[in-house]
Amino acid sequence: MVARKSVRQQLRLLPVVPSVLLMLLFLAAPVLWSFHASFTNAALTGRNARNPAWTGLDNYSRLLSDAAFPASVVLTMVFVVASAIVGQNLLGLLIAGLMTRARKSVSTLVGTAVVAAWVLPEIVAAFAAYAYFSNDGTLNQLLGGAGLAGADWLYAFPMVAVVLANTWRGTAFSMLVYRAALADVPRDISEAALMDGAAGWQRLVFITLPLIRSSIATNLMLVTLQTLAVFTLIWVMTAGGPSNASTTLPVLAYQEAFKFGDIGYGTAIASVLIVLGLVFGIAYVRLLKGDRR
Amino acid sequence: MHRPAKLLPAKFHPARLLVAVLSAVGLLATAACSAEQPAAENRTLKIVYQKTDSFSALDTLFKDAKRDFEAANQGTTVELQPIEANDDDYGTKLALALRSAETAPDVFYEDTFKVRSDVDAGYLLKLDSYLEKWDDWKSFNEAAKAAGTGDDGGIYAVPLGTDTRAIWYNKKVLQKAGIAVPWQPRTWDDILDAARKMKAADPEVVPFNMYAGKATGEGTVMQSFYELLYGTDSELYDQQEKKWVVGSQGFTDSLAFLKTLYDEKLAVTPAEALDANVWKKVFGEWLPQGKMGATVEGSYTPSFWQKGGSYEWAGYTEDMGVARFPTQRGQEPGGVSMSGGWTLAVGADSKNPDLAFKFLTEALNKKNSLSFTVASSQIAVRTDVASEPDYLAANPFVKDVSELVSVTHYRPATADYPRISAAVQVATEAVITGALSPQEAAEQYDKTVRDQVGDAKVLQK
C-alpha cells in the first residue's frame, strides 16, 4: 500500500521531468560551463583556443590586481541601486499608487505610456535612449527650445544617462506588479484606519506597505537581477565609455571575452556577477521569510 | 579599417521608431527562416564574409563567384553567409563560428592582423601545396604574400587587397588660410603651423583631425597614433627580440602631439572624438562641406565619395588632396604609413578542402579582383590588376596612395596585439580628455603592457 502510494507519487512527477531536463540543459549547463571556463585560459583565438589548459585560480587572482575590476563592481552597484531599487521600484510604486486615485482615462493614458517603453525590444529602446541623450539629440533640442544650455550627456554624465534610460525602460514592470498588489489590499482595513484618524502617510506606512511586503520583495528580486544583467542598453548608449566611466560588470565581461578574446577571464567576471546576483537574491528571500514569521 | 555600419537615428522620431521596430521584427523572421535550411549535402561550401550598408563590394564579388562556380561545377552548392556587422563584431562572430568544426565555414574573409593568432589556434588550412599549382599566385606581389604567412613560414591566407594611410585635405580650406596646395608637411611642426593658420582664418573649421580614444577602436591606432609613433625613433614592438617596447620617448612625444591638437582645438572636440560614429561625420559632413581642413585616413577613402559610395560627393576629385604623413623631425624615410588589408582563407576543418580552395581561386581571379579593388578603393595586390587602366583610372589618388607602400608599416599581429592596441587607445583617450599628462599616460600604458603580457615579453627603453 505504502509502496504503491510512493510509486504513484513518483509517477505524478513524470510530467515535470521534461521541463526539468530542459531547464538543466539550457539554464544550468551554460552556467556550469561558464564557471568551468573561468578556471581555464580558454580564448577566442591563439594557441589556447581549441585546447584550453586548467589554470586554477589565475583568472581570479588577476581580477584582484586589475584596477578596472573594483571600479566596475562599484559602477554595477550604483547602476543597480539607482536604476532598479530606487528608480524602477520607487517610481513604479508611486505611479501605481497615484493611478489608484486618478481618473480612469488618466490612469489608462499613463499606464500605456509607461508600458510602451517596456514593450520595445531592448535594442530599440537603447537606440531611442541614445537618440534622446546624444549631443544633438532630443533632450538637448528640447532644452535649447526652452533657452537652456544642454550638455553632452553621454560624454559628461554617462552613468546618469544610462541610469535614467534603464529607469525609463523598466519602470513599467514594477508599476504592473504594484498595481496588482495594491488592488489586493482590502479596502475595509484602510477604511477602518481612516475612521481611526490615520493620516495618508500613516495608512501607507502602517497598512499598505506591510500588506504588500511580499510583492515588494518579489519585485525587488526580479528588477535587481534583471538590471544586474543589463548589457545592450549600456553597450549601445556609451559602450562602457568614456574611459570606462560606465563599464558595468556585463560590459567588462563582454570586452574581455570577445574584444580581447580572453574567454577564461571574461567568464571569471561573469562568475562574480552570478555571485553578486546570489547575494541580492538571498537578501530578498530573507525579506520574504521575515514576512511569513 | 573603418566601415562599421550602425543605423543610428539622428534624433528620436516616432515614425523612425516604428521602422526600427518593424525591421527588428523582420530580422527575427529572417533568422527563423535561415534556421530551416535543408540538410547540408556533401558538396556544399559555406562562405562567411562581412557586409554592411557602406561595404557591399565583397557581397557582389561572392555573388558573381557563386554564379560562375556553380555553373562550372555541377552538383556543388555555394552557401553565402554574409555577416552584417562592423569589423570588431565581425571578427568576434567569425571567431565563435571557427571554434567548432560544426559551424566553421569552408572559405572566409579574414583580417590580416588576425591571421597569425588564428593559425596558432588551428583554424586555418595551410595552403602551400595548393598555391604551388595555382598559376595566378605568381602575379601576387611579395608584400601581399607575406600578409598571409603564419609564424611557421607557411601561407594560410590569400590577400584581397591592401591599404595605406595618408593625410586627406580639403584644398579650399587650406587655400583660404593662405596655404599653398599641393601641400606636403615635412615635420610634425609643419602640421601644427598649417592647422593654426586654418584656425586663425576660420575659427569654425576643424583644421586637422586625428582619431583618439577607445570609441574609434583600431581607427585610433591605425589612422592616428601609429602614424605618429612610427615617425619617431621609437617603435611599438621589437621584431628581432619579439618584445613590446615600453618607456620610449617616441610614445610620450606622440601623445603630446595629440594633446596639442586637442588642447588648441585643432582637432574635433574630445566629446566628438569619443563618439564611435565620428568617422561618418568626417566623411559625410565635415570634409565635403569644407568644415574640416584635413584628416588622417585610409587609401579606401574615395570609396565613400565615389558613385555608389555611402556619402557620394562628386566634387572630391577636385577639392581633395592627399599628402604623406611626415616623420617627427623630417628624418628618413620622410614619411609614414600603416597598412592592413583583408584576405580569404580556407577553414582547417573543411570537408572539401580542394573544392574550397578552387572556390577561393574563382573569387580571386583577375576579373573579380579588379572589380573588387576598384569598387572598394583597395590597393591592388595582383601585379596584373595593378597595371590595368581601369584600376589606375578608378580615382585620381590611386597613384599617390599606392606609392606609400614604400614607407608603410604593418601591425605586429601577435595574439597579444588586441590588448596592446586597447592600451594605446586608453592612453590617447586619457590625454585628449585631460585626465592624464602624456608622461603619466605613457607610464600607465607601460604598466598595463607589463601586466598584460608579462615582463618577459617587454623591452624597457
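Among contacts in chain A between residues at least 6 apart in sequence, 70% join residues at least 24 apart; a contact here is a pair of residues whose C-beta atoms, placed from the backbone, lie within 7 Å. This is a predicted model, where local features need pLDDT of at least 70, side-chain atom pairs count only at pLDDT 80 or more, and totals for chains, interfaces and linings use all residues. Residues are numbered from 1 along each chain as its sequence is written, while chains are lettered from A and ligands numbered from 1 in the order in which they are written.

Chain A has 15 helices and zero strands, going by DSSP runs numbered from the N terminus (H or I, at least four residues, for helices; E, at least two, for strands). Its C-alpha trace spans about 85 × 75 × 30 Å along the principal axes. Of its 293 residues, 36% count as buried, meaning that 20 or more other C-beta atoms, placed from the backbone, lie within 10 Å of a residue's own.

Now for where the chains meet. Chain A brings 28 residues to the contact and chain B brings 31 residues. On the chain A side, H6, H7 and H14 each give two or more residues, and H6(A) has the largest share, with seven residues.

By class, the chain A side holds 15 nonpolar, nine polar and four charged residues. Ala, Val, Leu, Ile, Met, Phe, Trp, Tyr, Cys and Pro count as nonpolar, Asp, Glu, Lys and Arg as charged, and the others, Gly among them, as polar.

| Helix of chain A touching chain B | Residues |
|---|---|
| H6(A) | 122-133 |
| H7(A) | 138-145 |
| H14(A) | 249-259 |

Over in chain B, there's an open sheet of four strands in the order S6-S9-S5-S10, with mixed pairing; strands pair if DSSP finds at least two bridges between them. S6(B) and S10(B) are the edge strands, each pairing on one side only. S5(B) and S10(B) run antiparallel and are joined by four bridges, and Trp168(B) stands opposite Val322(B) in S10(B).

Chain B also has a helix pair worth a look. The axes of H2(B) (residues 57-72) and H15(B) (residues 353-363) come within 9 Å and cross at roughly 120°, with axes fitted to C-alpha atoms over the stretch in contact and angles running from 0 to 180 degrees between N-to-C directions. The two helices are therefore oblique to each other, the class left over once angles under 35 degrees (roughly parallel), over 145 (roughly antiparallel) and 65 to 115 (roughly perpendicular) are set aside.

Notes: Contact = placed C-beta atoms within 7 Å. Buried ≥ 20, exposed ≤ 12 C-beta atoms within 10 Å, placed from the backbone.
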